[in-house]
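Here are my comments on the model, as numbered points. Please read them with the structure open.

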Amino acid sequence: MTTTDSHADRPDPSDRPDSPGRAGPSGRPAAGAAPRARTVLLRRGRIHSPVDPAATAMAVTGDRVTWVGSEAAADALAATADEVVDLDGAFVTPAFTDAHVHITMTGFALTGLDLAGTASLAEALTAVRRYAAARPGDRVLLGRGWDPTDWPEHRPPTRAELDAATGGRPLCLARVDGHSALATTALLDLVPGVTALPGYHADAPLTGAAHDAVRRAADAAVGAAQRTEAQRVALRRAAALGIGSVHECGGPGTSSEEDFAGLLALAAREHLPRVVGYWGELVTRAKDAERIRELGAAGAAGDLCADGSLGSRTAHLRAPYADATGPHEVGTARLGADEIAAHVAACTEAGLQAGFHAIGDAALDAVVAGVRAAAGRLGPARVRARRHRVEHAEMLDQAGVDAFAEFALTASVQPAFDAAWGGDAGMYAERLGAERARGLNPFAALLRAGVPLALGSDAPVTPLDPWGGVRAAAFHHVPEHRVSVRAAFAAHTRGGWRAVGRDDGGVLAPGAPADYALWQADELVVEAPDDRIARWSTDPRSGVPGLPSLRPDAEPPRCLRTVVAGRTVFDTLGGDGPTG
């Protein structure tokens with residue numbers, strides 16, 4: 001792949017006396033003159049675009065796509081482009097959007113103590129011991145990712161075991177789903193009154209209010225520089241995977257306002273993926289909505305939790321868990337229908353997007369009832385217009401799917417959850433029984449009903465991995481829940497833009513934001529996982545743009561470059577300049 005400055009041998013057009021970008025005596029643009037946007041022509045590649053499924057070239061001017069087409073037309077454009085990039089067969093797609101992330105925690109997982117993938121309790125305790133020894137200066141040790149489902153011991157570490165492994169130091173160790181945590185005695189001592197809070201258990205992971213209080217105390221001990229570096233690491237990792245934007249799901253139970261504002265500021269000042277922030281706090285009046293906006297949030301949504309998670313047995317269910325251990329036999333209801341209705345109504349009236357975290361069927365019942373009540377008060381059209389969203393939405397039945405369609409609720413879903421925990425022998429089946437578990441994550445039913453889908457990872461719960469998310473949606477454990485690769489790809493690109501109320505992004509077409517990625521990829525195909533997917537889309541005569549094969553045995557594409565708003569945020573090709 002090569003890059004050529006097309007104007008190297010020609011006079012700069014800004015030197016003409018009549019040029020709006022003519023330089024003044026200092027060599028800078030004349031006062032009042034807007035800098036001329038540069039045009040970059042990418043050619044001799046494979047462009048994934050609905051404009052022309054056979055396109056091999058694309059032009060970008062400033063921060064917008066301006067043209068998509070063939071090599072014959074590219075010849076004419078090359079003469080006036082500021083830069084020409086010879087793609088040498090590379091595949092060009094819209095950049096991915098990860099519609100649900102926790103960036104700071106993802107950064108700490110990438111750089112610190114991550115127990116995901118540990119094979120036993122003994123291995124996890126060894127990792128804790130080594131991490132504590134390597135970080136003697138940390139006021140509080142932070143870790144995550146433990147999941148004893150497949151450990152031979154089938155239990156998490158006890159507090160005494162963690163006290164011994166850390167040498168008596170404060171440690172907060174979040175479960176893989178982030179909805180329960182283990183804490184050492186030294187950390188609990190930093191939270192007065194924690195033993196009286198709901199969710200405190202002397203011999204089990206912390207949940208509910210006790211979990212939130214301990215997490216806040218641990219987060220408060222992390223310095224600003226350490227936090228910023230973790231955020232930078234996570235965003236750079238996202239860029240290296242072809243992710244051009246992320247939806248940060250913050251809130252009082254997940255992060256601090258300082259963390260949230262710092263992340264938005266970092267993304268704004270450095271060449272990194274876009275960050276759209278959601279703050280999960282209830283809104284009941286116009287003043288609350290204004291405070292959400294002052295934080296820089298796009299909506300009062302994200303981790304505004306109606307319940308918890310299945311792994312922690314805190315997702316709120318209609319019927320008891322199959323492996324109930326006592327105190328959480330149907331999980332935890334964190335919001336009722338009346339609170340949800342008040343929040344949706346207040347946000348709708350304020351012109352603000354609302355949303356909720358809801359996983360269990362009972363929690364989703366509460367969300368649907370609350371949205372329906374708000375629509376009854378304000379009118380369905382006003383509620384639909386705001387594109388309110390629900391995170392996870394795992395245990396939706398057909399009535400819930402129909403309600404999502406009725407009220408134009410976006411389902412922000414994580415296909416990697418099914419890849420990690422689905423199947424008749426997976427964690428979902430253990431918690432719910434195989435029959436109930438087979439109903440989880442009904443992606444095909446949502447698409448059939450016309451429910452907007454936006455795909456994400458919930459990183460660090462599952463890793464940043466957009467092609468993996470597309471593959472997981474197309475090869476769901478339950479065949480009737482599968483969608484085509486094309487539909488999953490659209491939900492992981494355009495779906496993320498639509499989820500924040502923008503219909504112009506996530507696609508390579510004239511006028512779209514210049515957020516795109518270059519990939520090293522093998523042959524492109526139009527792939528359907530089985531006969532349940534309409535066959536017309538796999539026929540070459542349909543003119544559907546191809547995508548790399550994502551069959552389980554296929555190598556995923558490798559990202560070569562990621563561009564956001566016309567500026568390179570990741571590059572393996574050694575180019576320079578705004579897009580090179």
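1. Start with Leu310. Outside its sequence neighbours up to four places away, Leu310 touches Ala315, Leu317, Tyr321, Ile359, Glu394, Met395, Met427, Tyr428, Arg431, Leu432 and Leu440. Bear in mind that this is a predicted model.

2. Leu310 also belongs to the largest nonpolar core, which has 97 residues. Leu235, Leu310 and Phe404 have the most contacts inside that core. Helix H11 (residues 361-378) gives the most to this core, with nine residues.

3. Next, strand E18 (residues 410-413). Thr410 and Ser412 point one way, Ala411 and Val413 the other way. Are these residues buried or exposed? All are buried.

4. E18 has parallel pairings to check. Strand E17 (residues 389-392) pairs with E18 in the parallel sense over three bridges. Val390 has Ala411 as its bridge partner in E18. Between E17 and E18 the chain passes through helix H13 (residues 398-406), and this β-α-β crossover is right-handed.

5. E18 also pairs with strand E19 (residues 453-455), again in the parallel sense over three bridges. Here Ala411 stands opposite Leu453.

6. Now a separate topic, the sheet with mixed pairing. Four strands form this open sheet, in the order E9-E10-E11-E12. Strand E9 (113-114) and strand E12 (181-183) are the edge strands, each pairing on one side only.

7. Within that sheet, strand E11 (residues 171-175) and E12 pair in the antiparallel sense over three bridges. Ala174 stands opposite Ala181 in E12.

8. Which strands does helix H4 (residues 159-166) lie across? They are strand E10 (141-146), E11 and E12. H4 runs at about 130 degrees to E11.

Notes: Residues numbered from 1 in each chain as written. Predicted model: local features only at pLDDT ≥ 70, side-chain atom pairs only at ≥ 80, totals over all residues. Heavy atoms only, no water. Core = buried A, V, L, I, M, F, W, Y, C linked by side-chain atoms within 4.5 Å. Buried < 20%, exposed > 50% of the residue type's maximum accessible area, 1.4 Å probe, protein only. Helix = DSSP H or I, 4+ residues; strand = E, 2+ residues; numbered from the N terminus. Contact = heavy atoms within 4.5 Å. Pairing = 2+ DSSP bridges. Right-handed = clockwise from strand over helix to strand, strands pointing away. Axes fitted to C-alpha atoms, helices over the stretch in contact; angles between N-to-C directions.
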